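Please consult the sequence and coordinates shown here alongside the text.

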Amino acid sequence: MTKYMQTDSRWGGLGYPKSPYFIRNCGCGEVSIANILVEFDTKYTPANIQPYCKQYADPNGNGTYHSGIPKMLTHYGLTEVKEHATMK
């Protein structure tokens, strides 16, 4: 099983959505999505999904919008995506 970490030097310094906010401190949602996707296809990494995912990042550095999580999963082909009640 692959386990990506936010602080990995390969993507931790990528802007999320842009500098001064980075995956290493604001990209837990994106990295979580990559951890799910890599189980289906090893081509997925936080770095190569970042261009799509950063549209769901709070521009004030507060991480990924909860509403973006199901949208990202659906975008990458997962069809049985349900929002948890506490994500509202």
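## Cysteines and the core

C53 has a relative accessibility of 0% and therefore counts as buried. The model under discussion is predicted. How far is the sulfur of C53 from the closest cysteine sulfur? The separation is 12 Å, to C28, which is too far for a bond. Across the structure, the number of disulfides is 0. C26 likewise takes part in no disulfide, the nearest cysteine sulfur being that of C28 at 8.5 Å. C26 is itself buried, at a relative accessible area of 5%.

| Residue | Relative accessible area |
|---|---|
| C53 | 0% |
| C26 | 5% |
| Y76 | 17% |

The largest nonpolar core comprises 19 residues, and I33 and I49 have the most contacts inside it. At least two residues of this core come from each of α1 (23-26), α2 (28-37), α3 (46-53) and α4 (68-75). Helix α2 provides the largest share, namely 4 residues. Leaving aside residues up to four places away in sequence, I49 touches E30, I33, A34, L37, Y44 and Y76. In soluble globular proteins, nonpolar side chains tend to be buried together.

Helix α4 has several buried positions: G68, I69, P70, M72 and L73. The buried residues of α4 pack against α2 and α3. After α4 comes G77, which has a positive phi near 100°.

## Aromatic rings

The structure contains 4 aromatic pairs. In one of them, the ring centres of Y52 and Y76 lie 5.7 Å apart with their planes at 85°, so this pair is edge-to-face. Because Y52 belongs to helix α3 and Y76 to the segment after α4, the pair ties together parts that are 24 residues apart in sequence. Y76 is buried, with a relative accessible area of 17%, and Y76 is also among the residues that I49 touches. Which residues do ring pairs link into a cluster? The cluster consists of Y44, Y52, Y56 and Y76.

A further arrangement involves a charged side chain and a ring: R24 lies over the face of F22, at 4.4 Å from the ring centre.

Notes:
Residues are numbered from 1 along each chain as its sequence is written. This is a predicted model: local features need pLDDT of at least 70, side-chain atom pairs count only at pLDDT 80 or more; totals for chains, interfaces and linings use all residues. Side-chain values use heavy atoms; hydrogens and water are left out. A nonpolar core is a set of buried Ala, Val, Leu, Ile, Met, Phe, Trp, Tyr and Cys residues joined through side-chain atoms within 4.5 Å. Buried means under 20% relative accessible area, exposed over 50%, partly exposed in between (1.4 Å probe, protein chains only). Contact means heavy atoms within 4.5 Å. Rings of Phe, Tyr and Trp (its six-membered ring) pair if their centres lie within 6.5 Å; planes under 30 degrees apart count as stacked, over 60 as edge-to-face and the rest as tilted. A charge sits over a ring if NZ of Lys or CZ of Arg is within 6 Å of the ring centre and within 35 degrees of the ring normal. A disulfide is a pair of cysteine sulfur atoms within 2.5 Å.
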